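This briefing concerns helix packing, aromatic pairs and salt bridges. Please consult the sequence and the structure shown below alongside the text.

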Amino acid sequence: MAKINVDIVKLRTLVADFDKCVSSYKMSVDSFFGEIKKFNGWEGDAADQYLSNAIVESVKYVNFGDSLQGFVSLVNDIINNLEATLNSSAK
């Protein structure tokens with residue numbers, strides 16, 4: 001049987017730092033595309049096309065952020081399960 005050393009606190013810290021990064025990303029994306037959507041200084045067909053393209057592109061960035069958030073949740077669940085397993089094995 002292999003011996004595995006796991007620092008749960010360090011894992012939680014790394015995931016928490018990544019979670020902060022993901023939250024920052026999501027806020028930045030929301031802010032960036034929010035500014036584009038409310039900009040009223042440019043009018044006409046080109047502006048309408050640009051805004052339409054920006055809305056379509058924003059969905060990709062939002063979905064990517066949501067996927068990252070899901071990954072953070074998954075890793076947190078794995079850490080919780082690992083910690084529970086380690087605690088039950090130690091008894």
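Is K26 buried, partly exposed or exposed? K26 is partly exposed, with a relative accessible area of 24%, where buried means under 20% relative accessible area, exposed means over 50%, and partly exposed lies in between (1.4 Å probe, protein chains only).

The model is predicted: local features need pLDDT of at least 70, side-chain atom pairs count only at pLDDT 80 or more, and totals for chains, interfaces and linings use all residues. Residues are numbered from 1 along each chain as its sequence is written, and side-chain values use heavy atoms, with hydrogens and water left out.

**Helix packing**

- Helix α1 spans residues 8–38 and helix α2 spans residues 45–90; helices are DSSP runs (H or I, at least four residues) numbered from the N terminus.
- The axes of α1 and α2 come within 10 Å and cross at roughly 165°, the axes being lines fitted to C-alpha atoms over the stretch in contact, with angles from 0 to 180 degrees between N-to-C directions.
- This crossing makes α1 roughly antiparallel to α2, a term that applies to angles over 145 degrees.
- The crossing of α1 past α2 is left-handed, meaning that the near helix is turned anticlockwise from the far one by less than a right angle.
- The contact of α1 with α2 comprises 23 nonpolar, six polar and eight charged residues. Nonpolar covers Ala, Val, Leu, Ile, Met, Phe, Trp, Tyr, Cys and Pro, charged covers Asp, Glu, Lys and Arg, and polar covers the others, Gly among them.

**Aromatic pairs**

- Rings of Phe, Tyr and Trp (its six-membered ring) pair if their centres lie within 6.5 Å; planes under 30 degrees apart count as stacked, over 60 as edge-to-face and the rest as tilted. By this rule there are four aromatic pairs.
- The ring centres of F18 and F71 are 6.2 Å apart and the planes stand at 90°, so this pair is edge-to-face.
- Because F18 lies in helix α1 and F71 in helix α2, the pair ties together parts that are 53 residues apart in sequence. F18 is partly exposed at 33% relative accessible area, and F71 is partly exposed at 44%.
- Y25 and F64 also form an edge-to-face pair, because their ring centres are 5.7 Å apart and their planes are at 85°.
- Y25 in helix α1 and F64 in helix α2 are 39 residues apart, so the pair links distant parts of the chain. Y25 is partly exposed at 22% relative accessibility, and F64 is partly exposed at 46%.
- F32, F33 and Y61 are linked into a cluster by ring pairs.

**Salt bridges**

- The structure holds four salt bridges, each defined by a side-chain nitrogen of Lys or Arg within 4 Å of a carboxyl oxygen of Asp or Glu.
- One of them joins the side chains of D66 and K26 at 3.2 Å, N to O. This pair links distant parts of the chain, with D66 in helix α2 and K26 in helix α1, 40 residues apart; D66 is partly exposed at 40% relative accessible area.
- K38 forms a salt bridge with E35, with the closest N and O atoms 3.2 Å apart. Because K38 and E35 are three residues apart in helix α1, about one helical turn separates them. K38 is exposed at 54% relative accessibility, whereas E35 is partly exposed at 44%.
- E57 and K60 form a salt bridge whose closest N and O atoms are 3.1 Å apart. Both lie in helix α2, three residues apart, and are therefore separated by about one helical turn. E57 is partly exposed at 33% relative accessibility, whereas K60 is exposed at 51%.

Terms used:
Helix = DSSP H or I, 4+ residues; strand = E, 2+ residues; numbered from the N terminus. Parallel < 35°, antiparallel > 145°, perpendicular 65-115°, else oblique.
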